[in-house]
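Please open the model in your viewer and keep the selection tool at hand. The tour goes from one selection to the next and says what is there.

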There are 4 protein chains.
Amino acid sequence: MAGNSFGKVFTLTTFGESHGAAIGGVIDGCPAGLSIDFSQIDKQMSRRKPGQSSVTTSRKEDDLYEILSGVYEGVTTGTPIGFIIRNQDQKPGDYEKMKDVFRPSHSDFTYEVKYGLRDHRGGGRSSARETAARVFAGSIASQFLAHSGIKINAFVSQVGTVSLNKPYDQIDFAKTDDSLVRCPDKKTSDEMIGYIEELKKKGDSTGGIIQCVVSNVPAGLGDPVFDKLHADLSKAMLSINAVHGFEYGSGFASASMMGSAHNDEFSTDVAGKIITKTNRSGGIQGGISNGMDIYFNVAFKHVATILQKQNTVNKAGESTELEAAGRHDPCVVPRAVPIVEAMAALVLADHLLRQRLSKLKQ
Amino acid sequence: MAGNSFGKVFTLTTFGESHGAAIGGVIDGCPAGLSIDFSQIDKQMSRRKPGQSSVTTSRKEDDLYEILSGVYEGVTTGTPIGFIIRNQDQKPGDYEKMKDVFRPSHSDFTYEVKYGLRDHRGGGRSSARETAARVFAGSIASQFLAHSGIKINAFVSQVGTVSLNKPYDQIDFAKTDDSLVRCPDKKTSDEMIGYIEELKKKGDSTGGIIQCVVSNVPAGLGDPVFDKLHADLSKAMLSINAVHGFEYGSGFASASMMGSAHNDEFSTDVAGKIITKTNRSGGIQGGISNGMDIYFNVAFKHVATILQKQNTVNKAGESTELEAAGRHDPCVVPRAVPIVEAMAALVLADHLLRQRLSKLKQ
Amino acid sequence: MAGNSFGKVFTLTTFGESHGAAIGGVIDGCPAGLSIDFSQIDKQMSRRKPGQSSVTTSRKEDDLYEILSGVYEGVTTGTPIGFIIRNQDQKPGDYEKMKDVFRPSHSDFTYEVKYGLRDHRGGGRSSARETAARVFAGSIASQFLAHSGIKINAFVSQVGTVSLNKPYDQIDFAKTDDSLVRCPDKKTSDEMIGYIEELKKKGDSTGGIIQCVVSNVPAGLGDPVFDKLHADLSKAMLSINAVHGFEYGSGFASASMMGSAHNDEFSTDVAGKIITKTNRSGGIQGGISNGMDIYFNVAFKHVATILQKQNTVNKAGESTELEAAGRHDPCVVPRAVPIVEAMAALVLADHLLRQRLSKLKQ
Amino acid sequence: MAGNSFGKVFTLTTFGESHGAAIGGVIDGCPAGLSIDFSQIDKQMSRRKPGQSSVTTSRKEDDLYEILSGVYEGVTTGTPIGFIIRNQDQKPGDYEKMKDVFRPSHSDFTYEVKYGLRDHRGGGRSSARETAARVFAGSIASQFLAHSGIKINAFVSQVGTVSLNKPYDQIDFAKTDDSLVRCPDKKTSDEMIGYIEELKKKGDSTGGIIQCVVSNVPAGLGDPVFDKLHADLSKAMLSINAVHGFEYGSGFASASMMGSAHNDEFSTDVAGKIITKTNRSGGIQGGISNGMDIYFNVAFKHVATILQKQNTVNKAGESTELEAAGRHDPCVVPRAVPIVEAMAALVLADHLLRQRLSKLKQ
């Protein structure tokens, strides 16, 4: 009800503020018998964490997770997987001066109104630190999906005004992490890095776009009405901090296309499997996967904190100025790649399990 | 679980196929004591129905709803509101020849895989006829919202390649329905109508964009993590047939903006109420409404059915040709305006009620 | 949220008041491919309906259901099954005089407080007429369960002070419907009938106990913590009008038994299948079915309406007298047998499907 | 879905096995602004913990909880309250020999079938240790309820064959904890203690009954159909380990009572408030509280573990003998008193919040 849980069958509930004792969560509905590869979790956690490269914040967090239940001798038991990630590197003093001031485009004001009070240290629940719990859970979901051959690859396709113009099926995902900004095209990546370094000098920030491709999805996942597969993906993505837009398949461009140019004709591949010749539908028709690649774009605005003086008001409604100091990301988008992958994995895992329920005989 | 319900507190469950006996639904969680204005329901139903103008399909449906429960002497009783809309104008014969053929970009194929069988008449659950139930329920939700002063206005801002370029706050919503295509700008509207008439002649179709503005929303609605207000709006919109994209506030454009140019500074209005000077946040910060207007764009592709010959395969995977005949919309976007409003109303009504739960004392 | 839905995977949502246009419901989550035997639905509906024998009310309702969706050519399609049952035999005048008076042990008063208003005609949602929708849905659930061999048999084991004292495994379920009171023991049944006829003469009423046995349940159904199989059965039963108690296996008697006398030792049957030698656990251990018969008792109080003068108050809190007239059941328990079976079927169908989700490989 | 969450608005999700790193949970939906009295939590935790008196197990657990989020400076923030209780006193060796043997009336066998594997150490999720998380959460729910004046008092009314025969309204709850067995009647309490001590010598165990009384409940809580207040209480109680039965108000005895003797006539108290003269309805009519005391009985069987030799089978289905050693409770019922109170508090808190949603105007 209070919106801290995600999914219907494979579910994640998260808790924790950035400046409390710990963040954490409960994965419920992960089937019994899944062998966990902890190194994969570590890798994804490390791709998300602050301080990983020169183009991100210099703030360091170790993001050490502890699994408390649901995994016995490295294998899931079917019972809920409780986990925590202790908070470190807390300097409440940093935030004391912002106690009564509403930071522009942060959730300080909206929290105050919603709850009548707030933990002013670091954004509370709206801190992006919460996404560490998602990445942990998403990694387990990905490992579950891998048993059905499903693979998820996200990468940065735009940073500020620098964008990659390549169709999704010409991307070499193996190169994504060769790039500090997780753009799998060397030339574009270099431009993006240059762009971010300029912003960093000015204490400014920018947004970007992440594209995500889900391959090897069996046809039949998703529901026809409210829980269309792309509707659930959309909610998943928009629930990530700073995301302002989502499109799948031909996306916004489809608005100006004609039906005769847009429809994906059916055909068969050499093995006789039914496929579509083109994939403007983005692998989903009528809300249900058709076996082609699913691909979508996620638009991120800049992070709200910038190291420049801004006008705002305090709790009493009086005008005041605010100038953030400290360590902040000029562009959070590269770190958001594993978050996008995690949320996609949670949606797919949920629907993969739900599909077990659709027919009289399995 | 099977994705036929929407909302957590103010909920809508729908049922029904386009070619069965009836479609319908159950609204559960509408508070007791709401006087229903049936003319408002009629108006919204009529804005959605086929055959309403020369630029839409000539197929006519009367969409007469019958309320079966939950309303006594014109007032809601707090118990579930069951309603049905009988199907008429059924010509199953029209569909017989498509029984074993998968129509391009329709859900015929994905249904067959998902369920192992399907009612081939007219798309089953994926028929846009299901949205009549949403419009009915959304109208009741809107009337509930009106008690808190909340207003929802959607309009067509793009049809094919013709688009309206005006900021949301310069739109005169009163003019929306003066236009056959529900574009509140006369000149753009005329261009859109011309564009659609050309397509109609060719048996082709196109998509478009609907913009929606929600005004007078109290600050505090929405949840900070998974159920961010915009995340729920996004899912609501992507659950509408043919929608391929969603963006709110500065949307996809935010990806290339710098923080210094994008942040919304806080200020106060003449009455001392805290406002933001600009509204790039789209009325939502950290997932929670801040009291400013909420606005978002919804991208629709064309409807899948076109009156041209297309290649496809049948159930056996054999190549075949398909040429639809009959009555179909060249551009469904004008009829989707009340659907967008309805889904927005359902999201807002849900969160308006949920906000009653956030504090110890109301 | 508002408590009109039951189940998590195989779900039933009901709507409708006894004196509105219709009652009905939506079954969501019934797998595709189930052939419906309509005569079984008819049979269960007919066992529940009023006016079926001399020991029940003489009020007649036809309880004709209409299936609106989700079933095509007699087979479920996997989409929601919407259904309605029109209300007939309405004489609102009967209830006019009770408009402002709170009938003792009815929900008139509690409704008025809960909702601030009420449809005073015949109890609104709390009318037992709502259970017709449950029997309809339960019959479909039973047919789904039958594919796994699961059988549900309920019978009357007590009426007022007359009780049947036979262990559940010595009951011949085939004889249940030979008895007007659905007690499968001729001698006890005759006593019960005599008892009820005496009460009827006095305008009085009484309660009773229904025992229910679920056979051929595969081991593994149910969840270990909150959704223990017996916890869900208990809620299902207590949600039936007039039910005041539930016990399973050794039930209340277990409170005074010693562990050494109560534990069920494991053994194997001739086929090598693991069984328990005794079944005091009622077929459920740790909330999960163990493959033995599940059995439980459900205690019903009398119906609240009696044809005698009673003291009460009106809306204004003033003392008044009330004497119901008309047609009422002296003992509703025989008619509740199919309701108990229906609710048990809904619980079992839900958990049978949920069990598909528990392991990595099905 | 997997049954590890309870409640719809005020929700508790628990995780953890008795022999993993920790148990814990997440409370979601507790309103912001509630000042937590930690000593009340401590008190309830201590009433549940093992080793508290000579009539319970001598195994000691400290049950130290750590709150990780959702409480700031002693006040709830409206965000999820994550908490953990570390496991101590683990001697896995104790359980090694039971690895392949199914203990009678334990869930070893049913777990093995359900999940295909199990953590054999101490019962996994079905260990009563999980209830520590419920007591923690229930104490916070109780403190929320106290703001509306609602009080919950449970006590032991039967141990084995020794029972207390006093109407609920003649009980002095202040005396409950004067008794080692939590029976507020000195004479009966002494008999119960004697009874348990005899069993302890024999290595045997027994069950009992807990009665619970909820006072000062405002009229209007509960829903009329599936979520009747007593239905939710019933599920809550049956979800507690070893519970085999539930009855409220006149309970099973109502089955043999006549309507004329059972109905509760309405009247007014000296202040003009509408009350019932008697309270056989147990404070609930039509599933909704009527303002009178709610009272109910919960029947517990003995704990499954007894210190006597028993016959059973192992995984391979071969006959074997088992004799548990160690420290076990001869009668767990006194320790279950705070668990019953906790589960009742969770149900009431959920419905108290839900009632905020029932009317157009609050």
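Select chain A and chain D together: between them the count is 2 salt bridges, a salt bridge being a side-chain nitrogen of Lys or Arg within 4 Å of a carboxyl oxygen of Asp or Glu. To see one of these, show the side chains of A:R86 and D:E66, which meet at 2.7 Å, N to O. On the side of chain A that touches chain D, the elements giving two or more residues are β2 (11–15), β3 (22–28), β4 (65–67), β6 (75–76) and β7 (81–86); strands here are DSSP runs (E, at least two residues), and helices likewise (H or I, at least four), numbered from the N terminus.

The model is predicted, with pLDDT of at least 70 needed for local features and 80 or more for side-chain atom pairs, while totals for chains, interfaces and linings use all residues. Residues are numbered from 1 along each chain as its sequence is written, chains are lettered from A in the order in which they are written, and side-chain values use heavy atoms, without hydrogens and water.

Next, select the contacting residues (heavy atoms within 4.5 Å): 41 of chain A touch 41 of chain D. Among them, colour A:F15, A:L68 and A:Y72, which supply 19% of the area that chain A buries against chain D, more than any other three residues. The two chains bury about 3,000 Å² between them, 63% of it on carbon and sulfur atoms, where buried area is the accessible area (1.4 Å probe) lost on being put together, summed over both.

Finally, select α8 of chain A, where 22 of 22 residues are buried, that is, under 20% relative accessible area (1.4 Å probe, protein chains only).

Key
Buried < 20%, exposed > 50% of the residue type's maximum accessible area, 1.4 Å probe, protein only.
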